[in-house]
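Open the model in your viewer and keep the selection panel at hand. Each stop below gives you something to select and then tells you what is there.

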Amino acid sequence: LFAQAESTVAQKQWERSATDFADFRAAMERHFSMEEQVLFPTIEERTGQTAGPTQVMRMEHQQMRSVLAELQQCITEQNSEEYLGLSETLLILMRQHNAKEEQILYPMSDQVLNHEVPSIIEQMGSL
């Protein structure tokens with residue numbers, strides 16, 4: 001979805017870009033919501049920690065939301081050059097965030113939540 005939105009912006013297909021970006025942004029927000037509303041609170045409850053990896057993840061979600069808002073503004077203003085620059089910034093943020101999820105958060109979740117993982121995944125899927 002990210003690449004599709006970037007492609008249509010690069011081609012200055014603004015109507016399509018708006019739709020593609022909206023789809024991408026909604027998917028990102030769903031991902032953030034699943035973690036923030038289900039996964040993080042459950043991890044924090046089980047570990048008693050609120051200042052660890054979940055706090056870092058929430059902060060990074062906010063950083064990405066800020067860039068997403070800027071990208072939306074670029075589409076509104078039909079500014080492909082600024083959009084493409086900001087999309088590189090977002091790509092870097094997403095890659096770094098994903099690495100932390102894969103290397104720290106998810107392994108910790110598996111260890112702490114153990115047998116609850118299927119139930120948590122089910123709860124996240126209902127959002």
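**Stop 1: the aromatic pairs.** This is a predicted model. It holds 3 aromatic pairs. Select phenylalanine 21 and tyrosine 83. Their rings form an edge-to-face pair, with 6.1 Å from centre to centre and 80° between the planes. Now show the helices around them. Phenylalanine 21 sits in helix H2 (residues 14–47), and tyrosine 83 sits in helix H4 (residues 80–113). The two residues are 62 apart in sequence, so the pair ties together separate parts of the chain. Are these two residues buried or exposed? Phenylalanine 21 and tyrosine 83 are both buried.

**Stop 2: the largest pocket.** The largest pocket has a volume of about 190 Å³. Which elements give two or more residues to its lining? They are H2, H4 and H5. To see the lining, select His31, Met34, Glu35, Leu39, Tyr106, Ser109, Asp110, Leu113, Val117, Ile120, Ile121 and Met124. Colour the lining by residue class.

**Stop 3: glutamate 60.** Go to helix H3 (residues 53–77), where glutamate 60 lies. Is glutamate 60 buried or exposed? Its relative accessibility is 7%, so glutamate 60 counts as buried; the cut-off for buried is under 20%. Now look for its contacts, leaving aside neighbours within four places in sequence. Glutamate 60 then touches His97 and Lys100.

**Stop 4: asparagine 98.** Select asparagine 98, which is in helix H4. Its relative accessibility is 37%, so asparagine 98 counts as partly exposed.

**Stop 5: confidence.** Finish by colouring the chain by pLDDT. The mean for the protein chain is 95, and 100% of its residues reach 70 or more. Which element has the lowest mean pLDDT? Helix H5 (residues 117–125) does, at 89. Helix H1 (residues 2–10) has the highest, at 98. Then go back to the pocket with this colouring on: H5 is one of the elements that give two or more residues to its lining.

Terms used
Residues numbered from 1 in each chain as written. Predicted model: local features only at pLDDT ≥ 70, side-chain atom pairs only at ≥ 80, totals over all residues. Heavy atoms only, no water. pLDDT = per-residue confidence, 0-100. Helix = DSSP H or I, 4+ residues; strand = E, 2+ residues; numbered from the N terminus. Buried < 20%, exposed > 50% of the residue type's maximum accessible area, 1.4 Å probe, protein only. Contact = heavy atoms within 4.5 Å. Phe/Tyr/Trp six-rings, centres within 6.5 Å; stacked < 30°, edge-to-face > 60°. 1 Å grid on protein atoms, 1.4 Å probe; cavity = no way out; pocket = protein on both sides within 12 Å on 5 of 7 lines; lining within 4 Å. Points joined across faces, edges and corners; volume = space filled by probe spheres on them.
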